[in-house]
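Here is a short briefing on one protein model. Keep the structure open while reading.

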Amino acid sequence: MGNCRSTIDDENWSNKSFVLKKVRKNGYYLKLASIELKNDPEVVLVAVKKDGRALNYASESVRNNKEVVMTALKKYAWALEYASEKLKNDPEVILEAEKRAGKLRK
């Protein structure tokens, strides 16, 4: 078997309910999800609620979703680096990132 994913595994990572179950346990599993699910704000939101770093694996369009980015920032202050350019320049998003980073420095 080795490290290769089987066709069944690939099909699972395209299955929304399967992926949601996985990302609820560990947001990192978003990395293995299909492109379609990385583009699904609901799936990404669940992943970043568990681990803000999961934003790194989201599609560019979801990285432009303010709700998703703000949620990611609440879990990982430096998730701003994964946000879209537009949101990296959004005053509210910047303030949230600074607020979260400041709490970590104390």
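The model is predicted. Its largest nonpolar core has 29 residues. The salt-bridge count comes to 8.

**Nonpolar core**

- Leu30, Val48, Leu55 and Leu73 have the most contacts inside the largest core.
- Helix 2 (16-25), helix 4 (41-50), helix 5 (66-75) and helix 7 (91-105) each give two or more residues to this core.
- Helix 4 supplies the largest share, 6 residues.
- Beyond its neighbours within four places in sequence, Val48 is in contact with Ala54, Leu55, Val68, Thr71, Ala72 and Lys75.

**Helix 4**

- The buried residues of helix 4 are Val43, Val44, Leu45, Val46, Ala47 and Val48.
- These buried residues pack against helix 2, helix 3 (35-38) and helix 5.
- At the start of helix 4, a side-chain oxygen of Asp40 comes to within 2.8 Å of the backbone nitrogen of Glu42.
- Asp40 and Glu42 also join Lys16 in a network of salt bridges.

**Thr71**

- Thr71 lies in helix 5.
- Thr71 has a relative accessible area of 16%, so it counts as buried, the cut-off being under 20%.
- The side chain of Thr71 reaches the backbone oxygen of Glu67 at 2.8 Å.
- Leaving out residues up to four places away in sequence, Thr71 touches Leu45, Val48 and Lys49.

**Salt bridges at Lys66**

- Lys66 pairs with Asp90 in a salt bridge, with the closest N and O atoms 3.2 Å apart.
- Lys66 is in helix 5 and Asp90 is in the loop between helix 6 (85-88) and helix 7, so this pair ties together parts 24 residues apart in sequence.
- Lys66 also meets Glu92 in a salt bridge, at 2.7 Å from N to O.
- Glu92 lies in helix 7 and Lys66 in helix 5, so the pair ties together parts 26 residues apart in sequence.
- Lys66 is partly exposed at 29% relative accessibility.
- Asp90 is buried at 17%, whereas Glu92 is partly exposed at 45%.

**Salt bridge at Arg53**

- Arg53 forms a salt bridge with Asp51, and their closest N and O atoms are 3.1 Å apart.
- Arg53 is partly exposed, with a relative accessible area of 44%.
- Asp51 is buried, with a relative accessible area of 16%.

Conventions: Residues are numbered from 1 along each chain as its sequence is written. This is a predicted model: local features need pLDDT of at least 70, side-chain atom pairs count only at pLDDT 80 or more; totals for chains, interfaces and linings use all residues. Side-chain values use heavy atoms; hydrogens and water are left out. A nonpolar core is a set of buried Ala, Val, Leu, Ile, Met, Phe, Trp, Tyr and Cys residues joined through side-chain atoms within 4.5 Å. Buried means under 20% relative accessible area, exposed over 50%, partly exposed in between (1.4 Å probe, protein chains only). Helices (H or I, at least four residues) and strands (E, at least two) are DSSP runs, numbered from the N terminus. Contact means heavy atoms within 4.5 Å. A polar contact is a pair of N or O atoms within 3.5 Å; within protein, one must be able to donate a hydrogen and the other to accept it, and residues adjacent in sequence count only if both atoms are side-chain atoms. A salt bridge is a side-chain nitrogen of Lys or Arg within 4 Å of a carboxyl oxygen of Asp or Glu.
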